[in-house]
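My entries follow in the order I made them.

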Amino acid sequence: MKLLIVSQYFWPENFRINDLATELVSRGHAVTVLTGQPNYPSGRTFPGYRWHSVRQESWGGVRIIRCPLVPRGNGGGIRLAINYLSFALSASLVGTFALKDKFDAIFVYEPSPITVALPALLLGKLRQSPVLLWVLDLWPESVAATGAVRSRLVLQLIGKLVSFIYARCDRILVQSRGFIEHVLNRGARPESVRYFPSWAEAVFTKPPDMKAPFQLPLGFTVVFAGNIGAAQGFAAVLDAAEQTRDRKDIHWVLVGDGRLAEWVRVEIQRRQLQDTVHMPGSFPLESMPALFAQADALLVTLKQEPIFASTIPAKIQSYLACGRPIIGMLDGEGAAVLIASGAALVGPAEDAASLARNVLALNNMSPACRNAMGALGHRYYLDHFERNRLVTELERWFEEADRDRQSLGIH
């Protein structure tokens, strides 16, 4: 099939869409990605790229068309809004003139923002192609929950935009069953909605082929990897670290970057946790499996918000695939998956005392017990989130959406 992926983020940025695009190429599809200039998570355009340019390149057999994109900077509200809107506008213009062919399907990757769907809908109409939207983040609920947007009027306008988008997509794919009610309430047609969870990138499902980027501290290590942002409840994580500070053998390692990274660094110093809480920075995705293999526990957290209770954080699949025990501080769908897997000790979102107790409990287990938990998690991953099965399902939905359009005489 001839496929177009519209995503504000793409290689060399680390997002799951990179893995999906190359997997589709390996299955014989012709894949084009319409994306922006890479700048996540640092907020600065990557070396070798220019924010105001149009550029074509190839990676992993994927044809990439890059549009002008104002970098996100420090992630402040106004700058972030400009970042989002600049891609929606430039991708609409560049896509219209650079992509003349008809695609069998247009796939939209939407971890945030929802505006990424606008150029896809325009191109779908111009090229008479079905549009499939993969909803990984619920707007406007998530921006309200993180405090990124507080104006009731702006939230109402975003809600109207979301309803406009959902009503015009041929398929709405949701990463959690907890999302289904939300997208239906926002105008998605019931017959268009499909459950499509995330999976772990291929690097997590085979023996590590890169060395760990650094050596973890000696002792019991709890590793968090991913976005250090407002949704992750880091104040409670640091509260839990304070409660275990007398155990100098317990180390919290926070790998990644994000809007709150600097705040977390300042808090570590203010709370005098620098001996047991470490922030080594960001590293290539390919090096994460070797790092996870060193860890005694992998940490996933979310804030206590109803909208986050509907979410399955994508790192859960990667953690399960690696076969390591997990500690969760979250509610709802993500917590249910972890409990069902048998691989995790789970406490409520933002409950620092419960998190500290779970860290101590896992530390007190024998290595054999922890390894058995990890093995259960790996088995659960294969049964519920196996990559090949999910991508095959997606191919079927591409074909289904294309057939539906043909049957309606839209082509």
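**Helix pair α7 and α8**

I looked up which residues join the two helices: Phe234, Ala235 and Leu238 in α7 meet Trp263, Val264, Glu267 and Ile268 in α8. Contact here means heavy atoms within 4.5 Å. By class, I find 6 nonpolar, no polar and 1 charged residues in the contact of α7 with α8. Ala, Val, Leu, Ile, Met, Phe, Trp, Tyr, Cys and Pro count as nonpolar, Asp, Glu, Lys and Arg as charged, and the others, Gly among them, as polar.

I note the basis of the work: this is a predicted model, in which local features need pLDDT of at least 70, side-chain atom pairs count only at pLDDT 80 or more, and totals for chains, interfaces and linings use all residues. Residues are numbered from 1 along each chain as its sequence is written, and side-chain values use heavy atoms, with hydrogens and water left out.

Helices (H or I, at least four residues) and strands (E, at least two) are DSSP runs, numbered from the N terminus. Helix α7 covers residues 234–243 and helix α8 covers residues 261–270; they pack at an angle of about 25°, with their axes 11 Å apart. Axes are lines fitted to C-alpha atoms, for helices over the stretch in contact, and angles run from 0 to 180 degrees between N-to-C directions.

**Helix α1**

I checked burial in helix α1 (residues 16–26): 8 of its 11 residues are buried, so the helix is largely enclosed by the rest of the structure. Buried means under 20% relative accessible area, exposed over 50%, partly exposed in between (1.4 Å probe, protein chains only). Among the buried residues I list Arg16, Ile17, Leu20 and Leu24. Gly28 follows α1 and has a positive phi, near 95°.

**Arg171 and Glu400**

I found Arg171 in strand β7 (residues 171–174) and Glu400 in helix α15 (residues 387–407). Arg171 is buried at a relative accessible area of 5%, and Glu400 counts as buried at 14%. Their side chains make a polar contact (2.9 Å). A polar contact is a pair of N or O atoms within 3.5 Å; within protein, one must be able to donate a hydrogen and the other to accept it, and residues adjacent in sequence count only if both atoms are side-chain atoms. Leaving aside neighbours within four places in sequence, I list Arg171 and Arg194 as the contacts of Glu400.
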